[in-house]
Amino acid sequence: MSVPLLKIGAVLSTMAMVTNWMSQTLPSLVGLNGTVSRAGASEKITLFQSPEEGWQLYTSAQAPDGKCICTAVIPAQSTCSRDGRSRELRQLMEKVQNVSQSMEVLELRTFRDLQYVRSMETLMRSLDARLRAADGSVSAKSFQELKDRMTELLPLGSVLEQYKADTRTIVRLREEVRNLSGSLAAIQEEMGAYGYEDLQQRVMALEARLHACAQKLGCGKLTGVSNPITVRAMGSRFGSWMTDTMAPSADSRVWYMDGYYKGRRVLEFRTLGDFIKGQNFIQHLLPQPWAGTGHVVYNGSLFYNKYQSNVVVKYHFRSRSVLVQRSLPGAGYNNTFPYSWGGFSDMDFMVDESGLWAVYTTNQNAGNIVVSRLDPHTLEVMRSWDTGYPKRSAGEAFMICGVLYVTNSHLAGAKVYFAYFTNTSSYEYTDVPFHNQYSHISMLDYNPRERALYTWNNGHQVLYNVTLFHVISTAGDP
């Protein structure tokens, strides 16, 4: 039995050395023993071809918390693109990014495998102790137990092979980083006209300009609608839910109104999280029932269409009272001019960056959609536009930056099909994909505070993020 003992002892000795090397050397190679950049914690910068006409900015809300991402496409006249080595710099940055991603993968895999090896250390120590305690002979039972224990160590073979491959990869990456550093040093020497401090100041000034532009942005043209984000499935097939478009970002109350006619019950949830869980809400009982699902909450008040009338009602939540109500002259009601899905959706109220709107139609304009800007205090019509689009052919509609966007269906396969621009009294047909996941939209509204679309889709409360496109003139910029 001495030969098996020598073999097992040799294996354990080798494993101990490997464990020691992996515990001390490999972590330092991949950054496990220092501060590392975790996935999702770093910013990613992407460079684009520079346009000629000016700064171009895409903004897209990523979550219903009001956060917004701006992507800038910088003009050709910018100091960033006048250098002849900009293309090479861009390629180098892409290489650095690829190396960084490879290092992240190695770091995660090494960390996982290292934890596995460390978990085997106890087993290895136990085996080593038993072998040292043996006096030169091992019983058949003890030998079988040792064999079983050794079987548990078999997966370490594939782990070690992976470490060998990772080591070769690390050596290659180290060489690539060395080459990249040399290339960057050469470019820095060629760009010696600017010192590091000077370049840093120029970059900071450029970032300040971008930030200033983004801060001024409130409007843009719709270029994309994200995939749907299902927040909750609650209530009947038809209904509406919303947040206050004028409330500060810390106020995330949600209002919920189930059904499309004769309803009076409005639930007010304290936060979006409470709405998802169905807890912490109060109930408002409206003095007059509503019609349709085109309600909106604006600056602490609910604006809705009174059932079986063309009356707009402004109900104030805090005082639990109607502040004002007024008829919309000539507006159809009671399923005279609804959207294609019906549901008493004759009158649809909306809020965008420029204020409160009413979307409806009249007999005088042959059933085409009318857009009216309303005074939120008096509900008087400030100005109206006849879009020429038949309301019964529209699935749903929403306003962004004074532009009415219309979907061509409330069923599956819908698109944002039509846009009417109130600032120029003109329209165009669009083709913006719009994924109608649950195949029956009965409410669609834009919230300018969150840059998101709120939707009631076949008993599901759904959010969409929107992407807006801006062109900012740089005439006169230094």
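In the predicted model, the side chains of H410 and S340 are joined by a polar contact of 3.1 Å. H410 lies in a loop that runs between strand 18 (403–407) and strand 19 (415–421). The relative accessibility of H410 is 11%, under the 20% limit, and H410 therefore counts as buried. When neighbours within four places in sequence are set aside, the residues in contact with H410 are S340, W341, G395, N436, S439, H440 and I441. The C-alpha atoms of H410 and N457 are 9.0 Å apart in space, with a separation of 47 residues in sequence.

Y417 has a relative accessibility of 34%, between the limits of 20% and 50%, and so is classed as partly exposed. Together with Y427 and Y429, Y417 makes up a nonpolar patch on the surface, and the accessible area of these three residues is about 350 Å² in total.

For the protein chain as a whole, 7 helices and 23 strands were assigned. The chain has 478 residues, of which 43% count as buried. Among contacts with a separation of 6 or more, 58% are between residues 24 or more positions apart. The accessible surface of the protein chain amounts to about 24500 Å², and carbon and sulfur atoms contribute 52% of this area.

How values were computed: Residues are numbered from 1 along each chain as its sequence is written. This is a predicted model: local features need pLDDT of at least 70, side-chain atom pairs count only at pLDDT 80 or more; totals for chains, interfaces and linings use all residues. Side-chain values use heavy atoms; hydrogens and water are left out. Helices (H or I, at least four residues) and strands (E, at least two) are DSSP runs, numbered from the N terminus. Buried means under 20% relative accessible area, exposed over 50%, partly exposed in between (1.4 Å probe, protein chains only). Contact means heavy atoms within 4.5 Å. A polar contact is a pair of N or O atoms within 3.5 Å; within protein, one must be able to donate a hydrogen and the other to accept it, and residues adjacent in sequence count only if both atoms are side-chain atoms. Patches are made of residues with over 30% relative accessible area and no salt bridge: like charges are joined within 9 Å, nonpolar side chains (Val, Leu, Ile, Met, Phe, Trp, Tyr) within 5 Å. Accessible areas come from the Shrake-Rupley method with a 1.4 Å probe; for residues, only the protein chains shown count as cover. A salt bridge is a side-chain nitrogen of Lys or Arg within 4 Å of a carboxyl oxygen of Asp or Glu.
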